[in-house]
Structure formats: C-alpha cells, structure tokens
Amino acid sequence: MIKTILSSELPVDEQLLIQKQSITSGTGNKRFCVVTGTHGDELEGQYVCYLLSRLLQENKDKLNGTVEIYPALNPLGIDSTTRGVPNFDLDMNRIFPGDPHGSMAESTVHGILQDLVGADLVIDIHASNIFLREVPQARISTSTVDKLLPIAEQLHLEFIWIHEAVTVLESTLAYALNERDTPVVVVEMGVGLRITQEYGERLVQGILNVMTDMGMWTGPISLPPCESILSTTGEVEFFNASESGIFIPYVDHSMEVSAGQILGEIVDPLAGTVLESIYAKEDGLVFTIRAYPVVYEGSLIARMFTKR
Amino acid sequence: MKKELLFTLKSPCRDTFRIHGFRFGSGKKSVAIVGAMRGDEVQQQYVCARVVNALLTLEDRGAINPEHEILVIPSANHFSMNISKRFWAMDNTDVNRMFPGFSQGETTQRIAAALFKQVQGYSYGIQLASFYMSGDCVPHIRMMRTGYEDEPLGKSFGLPYTMTCQPRPYDTTLLNYNWQIWKTKAYSLYCGQTASLDEQSAQTAISAILRFMDSQGIIKSPQSPAFLSQHVPEEKLVHIKAHKAGILFLMSKPHDHVARGQILGHILDPYDGSIRWEIQSPIDGTIFHAANKPLVLENGLLFRIIPDA
C-alpha cells in the first residue's frame with residue numbers, strides 16, 4: 001500500500017509528497033525499511049526499491065512482517081537532477097534530526113525521521129555522486145560497529161568501511177536514527193545519475209539475506225553468501241590530484257592492482273601533455289575511481305584498500 | 001598597503017584561480033577581514049572592497065596605528081562569482097563549510113586550508129557573511145557559542161543587534177566556529193543583502209567595521225554615532241511560517257516594529273489572486289528577518305521577529 005508520510009504545498013498547484021510503499025504479510029511484527037534518494041543525483045537506490053517492491057508484492061506468502069520502501073526522500077531533487085533540495089542551501093543529509101519549526105527542508109527531515117524511528121532495521125542507500133564510482137560497500141562508524149557489522153556482513157557487499165566518528169556526520173539520517181536506537185546501515189554503490197543493474201540486483205539479494213536472518217523472509221536467495229573485505233584488516237589510501245586537468249583512468253573500480261601499476265593520468269588537452277601519472281603504491285583493491293574526467297588540484301581520483 | 005597573492009590553483013580550462021590579500025600596517029596581527037566565500041556574495045565583496053579603499057585613505061593620512069597589522073581578503077571564490085554560481089564552480093561544495101580545511105584533501109578543503117592559514121593568529125576576525133536561507137535581515141553581528149565568543153565586544157561594531165547562536169554539528173566547519181576554536185575573536189557581519197548591492201546597508205557595514213577597529217585602537221577613524229546594540233540569543237526569535245503556499249505579498253520589512261495581530265502581508269492564490277492566508281504578527285516586536293522571494297512554500301519561513309522586552 002502506498003502511503004504519503006508528508007505532504008506540503010508548493011507555490012503553484014503542486015504538492016511535495018514523501019511517499020513509501022508499505023508491504024505487510026504474515027503475523028510477524030518486525031519492520032524493515034529501505035530509504036534512498038536523499039541526494040537527488042544518486043539514483044542507484046531507485047532500481048533496488050523497484051526490484052524489492054515488485055518481488056515482495058509478488059511473493060507476499062514468503063514475507064513475515066512489514067517492509068517499507070522510501071524511494072525518494074528528496075523528490076524535488078531527483079526530478080530536477082539536483083543533489084540538494086532545490087531552493088535550500090544545505091545538504092539534506094546534514095540537517096538531521098531536523099526541526100519541526102524550521103524551514104520547509106528542516107521540518108521535512110524531521111517528519112521523515114519520526115516516520116522511521118522504531119524500525120527494526122533501516123538500509124540507507126547512497127550512490128556516491130557524479131564524480132566517483134564506488135564498489136558496493138557499507139559505511140559504519142566505529143561507535144556503531146558492534147551492532148551493525150553483523151548485519152552489513154550479510155548484505156552481499158564487496159567492502160565494509162569502518163570509519164572514525166566525525167562531528168559533521170552527526171547531522172546525517174543514519175546518525176540520527178542510530179542515536180534513537182533504530183539501527184541503520186549506510187550502503188554506497190555505483191555512481192551518480194546512473195543505475196548499475198548488477199549492483200542493485202546484488203543488494204536486493206543481500207537485503208533478502210538479512211530479512212531471512214530476521215525471520216522476515218522464507219523465499220529463496222539467488223546469490224551465494226559473499227565475504228566482504230573489512231577496512232579494519234588493512235589500510236585505506238586516498239589518491240588526490242596534484243594537478244588540474246582531464247583524468248584518464250587505466251583501471252576500473254573493483255580491480256585488484258599491483259604496486260607500481262598505473263591507475264590513470266591527468267592530461268592537458270591544450271598542450272597535449274601528461275601532467276601527472278598516478279601509480280599504486282601497494283598491491284590492493286581499487287574500490288573508488290574517478291568517474292567525472294575534469295579534475296582540479298585536490299579532486300579525489302581513487303581510493304584503494306591494501307591488506308596488512 | 002601590500003597586495004599579496006595568497007593562493008593559486010590551476011584550472012583545467014579556465015584562468016588560474018587566485019586569492020589576493022591586502023595587508024595594511026605591520027606588527028601585531030590585529031584583524032583579518034574576509035569577504036565573499038560564495039559566488040553570490042556580491043554585497044559582501046563590495047563592502048570589503050570599500051573597506052580596502054577606506055584603509056588606503058587612512059594609511060595615506062597616517063591613521064593606521066603603529067604595531068597593528070590588518071589583512072583584508074575581499075574574495076575567496078570569484079570562480080563561482082564570475083559564472084553566477086553560489087558554491088564552488090566545479091563540484092558545488094561550499095568553501096565556508098570546509099574549515100579548518102585540509103591541505104591534502106579535496107579542492108575546497110585545500111582552499112579553506114590555505115585561507116585559514118592566512119587568517120589565523122589574528123586577535124579579531126570579521127567575516128562578511130550570508131545566511132543559508134534566503135531573505136533580508138537587520139544588520140547585525142553574529143557569533144557562535146563556543147565558549148570563546150566575546151559578545152560584549154561585538155557591541156563595538158555599533159550595529160542594532162548582536163546575536164549568539166548554538167552551533168549544530170554541521171556548523172563546526174564554518175570559518176566563524178574555527179576562528180574561535182583557534183583563539184581569534186570572530187564576528188560574522190550580516191549586512192542585509194547578498195546577491196544585489198544596497199548602498200545604505202553597505203555603508204552601515206563599512207562604518208561598523210571601521211568603528212570596531214577604531215574602538216580597539218587599530219585605526220583612527222571616528223565614525224558617526226552608533227546604535228547601542230541589543231543582544232538577542234537566536235532562540236528568542238519568534239518564527240512565522242507560511243500556512244499556505246503561493247505568491248508572497250509583503251507589507252512589512254526588516255527593522256519595522258510591529259504589533260500583535262498586525263497584518264504583515266498576504267499569501268495570494270497563484271491562479272486567481274485571492275488571499276489564501278493573511279500573515280499576522282503573533283507578538284509585539286521588531287522584524288529581524290523577512291523572506292524576499294516572490295513565491296513561498298507551505299511551511300516556508302516568512303519572518304523572524306525579536307519580541308519586545
């Protein structure tokens with residue numbers, strides 16, 4: 001059943017609608033939520049929502065509990081190729097828990113948070129941005145690792161990145177919900193403005209895997225379990241551009257590379273010269289690679305994981 | 001005055017990005033002034049440019065006191081200003097949410113790091129700021145509550161109000177916040193406009209900056225009589241939000257004193273012009289901030305009012 005959790009008037013003959021698909025079956029009282037579309041340029045989650053919604057509605061006899069799917073927390077952004085909330089300066093995922101007395105965006109995120117609080121598990125799907133392509137990965141802060149790592153390990157993700165708590169991230173949806181005893185695993189995968197079907201299909205199987213463990217799904221899972229690489233078993237290295245120019249990648253993300261292997265070059269199209277060649281320092285996995293060719297000094301080119 | 005090239009960044013296809021600073025006097029690092037960090041902060045850049053101009057005149061007259069150094073950086077993001085974008089031209093990130101910066105990080109983190117290195121260590125920091133929500137406001141001095149804020153000294157600008165606010169997690173990356181943490185007494189000066197020039201409020205801001213420096217013995221530049229600033233904690237402001245969406249027709253503006261029940265404007269139906277909602281003041285007070293866009297969303301912020309004492 002499609003439910004509207006928030007409705008707010010726009011100036012001319014239109015409502016801002018935040019909607020969810022709520023699918024309930026069986027006698028179980030667990031609630032599992034999938035949210036995405038906080039950033040309007042991240043579309044990978046759309047395919048996951050579609051696949052999951054369709055699968056569950058066609059197989060309700062195998063569902064025990066309630067699954068709620070929120071494809072578009074920022075519908076105006078998604079429909080206008082805008083990362084943020086149109087007409088609002090701040091990143092929507094930096095204003096949680098919101099404020100019922102604040103601006104339209106702040107009161108909207110407050111309403112979204114209230115609707116999600118109390119779920120047994122929330123998966124918050126992101127897709128990097130237009131600049132970077134990511135392998136399917138979970139991101140977990142050290143403060144929530146005990147609770148969330150066992151869940152993330154079942155999601156069929158290639159990589160689990162456990163990172164230090166950062167003050168500015170205390171204003172994300174995930175932080176706000178975890179603080180309210182509603183567990184959230186953040187998934188990053190793919191690239192902005194595109195859908196990587198393989199990743200979406202894989203994550204849906206991972207979600208079913210988790211639901212099986214929660215006693216919410218009795219149907220088949222078409223992928224064998226996948227062992228995720230844990231960031232804590234090695235080092236994450238960042239490669240930032242030292243020159244401004246056009247980046248030409250020579251490796252793909254999700255590729256194992258050797259020490260000394262060239263990852264890509266930054267070139268000058270006007271002069272016809274190579275400005276910078278970027279090499280792997282160690283053997284490892286490229287889990288992030290620049291997708292947007294134009295780079296400035298400092299632009300992130302790649303992230304690599306190297307096992308200890 | 002020494003015009004100094006403080007930072008350069010090569011661009012893939014455009015001219016080199018440059019941040020310039022204007023250094024007056026020498027000796028103790030007394031005050032750093034930062035103008036536009038966002039591409040639409042034209043009024044902020046204008047005020048800074050006029051301050052540079054005023055300091056040049058004072059320097060010629062020998063009115064910059066010995067042993068005081070003043071640094072003015074009018075622009076830290078003209079790559080966006082030149083193409084009418086608010087945030088960094090390439091990736092839409094906000095330079096003013098990247099402090100204290102990271103010299104090995106992403107591009108705007110590097111810009112923030114370079115800028116912060118230049119403006120650190122001054123006794124006083126003044127930023128010509130703009131608010132994250134659109135609207136017009138009464139000129140005021142704003143400070144984050146970090147434990148290092150010096151609100152009484154903020155009154156030396158002689159603007160109608162000083163305001164203190166509680167930083168939220170995402171505010172910890174602002175220049176004002178980081179200046180304070182690194183022991184600079186930081187003041188964000190809001191002069192009412194952003195993307196358009198308003199001579200009257202610009203003159204108010206310029207006089208306020210010069211008055212502050214005069215009061216601290218940095219320059220000799222007596223200014224016209226000032227306001228006896230009233231301190232307002234941000235939490236005291238009363239918000240009026242739109243109960244309906246539509247076309248906004250305002251009948252009141254910042255600085256107006258309004259009475260409880262007074263009609264401040266109307267929200268009109270965008271199809272037939274009928275009144276969808278009458279905006280009434282819930283209290284006696286002074287309008288501090290008013291929306292300035294012709295269209296309003298339901299729950300959009302229309303006014304913030306300072307209640308009468």
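Predicted model: local features only at pLDDT ≥ 70, side-chain atom pairs only at ≥ 80, totals over all residues.
Figure 1. Strands are DSSP runs (E, at least two residues), as helices are (H or I, at least four), numbered from the N terminus; two strands pair if DSSP finds at least two bridges between them. Ile262(A) stands opposite Tyr279(A) in E14(A). The hairpin has 4 residues between its strands, and Gly272(A) in the turn has a positive phi of about 70°.

**Figure 2. The salt bridge of Arg83(A) and Asp41(A).** The side chains meet at 2.9 Å, N to O (salt bridge: a side-chain nitrogen of Lys or Arg within 4 Å of a carboxyl oxygen of Asp or Glu). Arg83(A) lies in the loop between H2 (75–78) and H3 (104–116) and Asp41(A) in the loop between E3 (31–36) and H1 (44–58), all of chain A, so the pair ties together parts 42 residues apart in sequence.

**Figure 3. The salt bridge of Arg86(B) and Asp89(A).** The N to O distance is 2.6 Å. The pair crosses between chains, from the loop between H2 (78–81) and H3 (107–119) of chain B to the loop between H2 and H3 of chain A. Arg86(B) counts as buried at 16% relative accessibility, and Asp89(A) as partly exposed at 21% (buried, under 20% relative accessible area; exposed, over 50%; partly exposed, in between; 1.4 Å probe, protein chains only).

**Notes.** Residues are numbered from 1 along each chain as its sequence is written, and chains are lettered from A and ligands numbered from 1 in the order in which they are written. Local features need pLDDT of at least 70 and side-chain atom pairs count only at pLDDT 80 or more, whereas totals for chains, interfaces and linings use all residues; side-chain values use heavy atoms, without hydrogens and water.
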